[in-house]
Amino acid sequence: MDGVSHITFIVRDLARMTTFLCEGLGAREVYDSAGRDFSLSREKFFMLGNVWLAAMEGEPPAERSYQHVAFKVSESDLPVYQARLEALGVDIRPPRPRVEGEGLSLYVYDYDNHLFELHAGTLEQRLHRYRTGN
């Protein structure tokens, strides 16, 4: 296995998800089926960094959970993302309790109950911190 191919989100409103992904997170729209539905419903594709995201019209999750997708960002960019997301009026959640050294995060729900984390840290940093205890 080479890694993740793409991540798909089911959303009520593709235009609103486009705003969230492009204006809020800085994604780039690369495809819109616009009436030529090759899949289950109308869909749009985006690139966020090197990650292919798909959004399809449909019934999104009814409830929120901690299940999420996390994107790596620099710590210095977290305030920039926070300001952009606040301007969109999405629900920014307080961070979970953290121990020093595991990296800072910004948690945000999109308009359809999907949780996104913007994380300024690496797996190596977290494992190192957890190995050191307290």
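## Overall fold

Among contacts between residues at least 6 apart in sequence, 56% join residues at least 24 apart in this protein, which is described here from a predicted model. The chain forms three helices and eight strands, and from the N terminus on these elements follow the order β-α-β-β-β-β-α-β-β-β-α. The C-alpha trace spans about 55 × 40 × 25 Å along its principal axes.

## Surface and charge

Of the 134 residues in the protein, 36% are buried. The accessible surface amounts to about 8200 Å², and carbon and sulfur atoms account for 52% of that area. The side chains include 15 positive and 20 negative ones, with the centres of the two sets lying 4 Å apart.

## Aromatic pairs

The aromatic pairs number seven. In one of them, the ring centres of Phe-45 and Trp-52 lie 5.2 Å apart with the planes at 70°, and because angles over 60 degrees count as edge-to-face, the pair falls in that class. Trp-52 is partly exposed, its relative accessible area being 30%.

The rings of Tyr-66 and Tyr-107 have centres 6.0 Å apart and planes at 40°, so this pair is tilted. It connects distant parts of the chain, since Tyr-66 belongs to the loop between β4 (51-57) and β5 (68-72), while Tyr-107 lies in strand β7 (residues 104-109), 41 residues apart. Tyr-66 is partly exposed at a relative accessible area of 46%, whereas Tyr-107, at 3% relative accessibility, counts as buried.

## Cluster and charge over a ring

One aromatic cluster is formed by Phe-9, Phe-20, Phe-71, Tyr-111 and Phe-116. Elsewhere in the list of ring contacts, the charged end of Arg-64 sits over the ring of Tyr-109, 4.0 Å from its centre.

Technical notes:
Residues are numbered from 1 along each chain as its sequence is written. This is a predicted model: local features need pLDDT of at least 70, side-chain atom pairs count only at pLDDT 80 or more; totals for chains, interfaces and linings use all residues. Side-chain values use heavy atoms; hydrogens and water are left out. Helices (H or I, at least four residues) and strands (E, at least two) are DSSP runs, numbered from the N terminus. Buried means under 20% relative accessible area, exposed over 50%, partly exposed in between (1.4 Å probe, protein chains only). Contact means heavy atoms within 4.5 Å. Accessible areas come from the Shrake-Rupley method with a 1.4 Å probe; for residues, only the protein chains shown count as cover. Lys and Arg count as positive and Asp and Glu as negative; His and the chain ends are not counted. The place of a charge is taken as NZ of Lys, CZ of Arg, CG of Asp or CD of Glu. Rings of Phe, Tyr and Trp (its six-membered ring) pair if their centres lie within 6.5 Å; planes under 30 degrees apart count as stacked, over 60 as edge-to-face and the rest as tilted. A charge sits over a ring if NZ of Lys or CZ of Arg is within 6 Å of the ring centre and within 35 degrees of the ring normal.
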